[in-house]
Amino acid sequence: MLSQLLALLSDGRFHSGDDLGEALGVSRAAVWKHMKKLDDLDIPYSSVKGKGYRLHDAIELLDAERIGAELTHSIDCLDILLDVDSTNSWLFERAPDHLGKRYAVLAEKQNQGRGRRGRQWVSPFGKNIYLSFLVTLPGSLQDQEGLSLMVAIAVERALTKLGLAGIGLKWPNDVYLDGKKVAGILLEGRQTQPDFCQIVVGIGLNVMLSERDAERIDQPWAALRQYQPQVSRNRIAGVLIDQLNSMVDDFKRDGFEPWVKYWADRDVFYRREVLLSGGNEHRVGVVKGVNRKGELLLQTERGMEVVVAGELSVRPVD
Ligand code: BTN
């Protein structure tokens, strides 16, 4: 019912309580009750006597059919949730029932969107892409190291396909647009059998952020609609899932090795001096690209060091 109400209001115009009630087959009072739920979802709207209800901003709601139309290879399941704590947690919980399946879930809002290194991921309603994608891969979790970089490449390729230019990659798996972070990736995996594991690939992609939302982000950020005001969220979601799906096939077949040069060509810190930090560790060195496993090659005063992705952050030294 709430989804239907939102669909009626998504044009951002006024709709009277009577019209909404008639379309939904409920009373005006029931419409009013449901409108209150929009407060919980933090969706700003006005209610004006004699005019009805209006969302402050028109919303392009996510639509499974429109997303499915962008897929060149089908996946096993696609779900769209109105709100959820975290799409990654939601899918991770359900993973044991979907061994061997490719399962994508998107949410309009995350109440506890999670980023790397224990950070929150700002996830307001109806504005961005919050996607989790479940895959089953042969081997152990350690064998999947290069996957997180391939996921970043899948995002980069999706954005390029959507016509955006100036996309960069930052090890191990951030995607930059115009020198600012536009997407973040969080992989969570479990070993299901000795020779198989399931990975939930989580992607947060900024499409549109209000000033209020942006205040909660502690680093320079970019959002797609700043560069392409008309870009459709459903198209972005479809193209992204499609690229991800095909990148997982590539990874299963050939691993990360064929992408080493592709990565270096787009690495925002390639040949730059960076500070690597995390926990008690602080290392300064020059980025020399990545190896065939997707590990970072850092030229330090001690020689060429190989850095395994973990809870580390990389910043330029200026
Ligand atoms: C980062 O810190 O850069 C990673 C951000 C990952 C955010 C996405 S949004 C969809 C999925 N669900 C989550 O809770 N996190 C990931």
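Helices (H or I, at least four residues) and strands (E, at least two) are DSSP runs, numbered from the N terminus. The model is predicted, so local features need pLDDT of at least 70 and side-chain atom pairs count only at pLDDT 80 or more, while totals for chains, interfaces and linings use all residues. Residues are numbered from 1 along each chain as its sequence is written, and side-chain values use heavy atoms, with hydrogens and water left out.

**Negative surface patch**

- Asp39, Asp40, Asp83 and Asp85 form a negative surface patch; such patches are made of residues with over 30% relative accessible area and no salt bridge, like charges being joined within 9 Å and nonpolar side chains (Val, Leu, Ile, Met, Phe, Trp, Tyr) within 5 Å.
- Asp and Glu count as negative and Lys and Arg as positive, with His and the chain ends not counted; a charge is placed at NZ of Lys, CZ of Arg, CG of Asp or CD of Glu.
- Asp85 is found in the loop between β3 (77-84) and α5 (87-94).
- With a relative accessible area of 42%, Asp85 is partly exposed; buried means under 20%, exposed over 50%, and partly exposed in between (1.4 Å probe, protein chains only).
- Accessible areas come from the Shrake-Rupley method.

**Salt bridges**

- The structure contains 22 salt bridges, each defined as a side-chain nitrogen of Lys or Arg within 4 Å of a carboxyl oxygen of Asp or Glu.
- Arg233 and Glu108 form one of them, at 2.5 Å from N to O. Arg233 belongs to helix α8 (residues 233-254) and Glu108 to strand β4 (residues 103-110), so the pair ties together parts that are 125 residues apart in sequence.
- Arg233 is buried at 1% relative accessible area, and Glu108 is buried at 2%.
- Glu188 pairs with Arg114 in a salt bridge, the closest N and O atoms being 2.8 Å apart. Because Glu188 lies in strand β8 (residues 180-193) and Arg114 in the loop between β4 and β5 (129-138), this pair ties together parts 74 residues apart in sequence.
- Arg114 is partly exposed, at 34% relative accessibility.
- Asp265 and Lys261 meet in a salt bridge (2.8 Å, N to O); both lie in helix α9 (residues 260-266), 4 residues apart, about one turn of the helix.
- Lys261 is exposed at 58%.
- Glu60, Arg66 and Arg225 are linked in a salt-bridge network.

**Cysteines**

- The count of disulfides is 0, a disulfide being a pair of cysteine sulfur atoms within 2.5 Å.
- For Cys77, the nearest cysteine sulfur is that of Cys197, 19 Å away.
- Cys77 is partly exposed at 22% relative accessibility, whereas Cys197 is buried at 0%.

Definitions and conventions
Areas by Shrake-Rupley, 256 points an atom, 1.4 Å probe, with all protein chains shown as cover.
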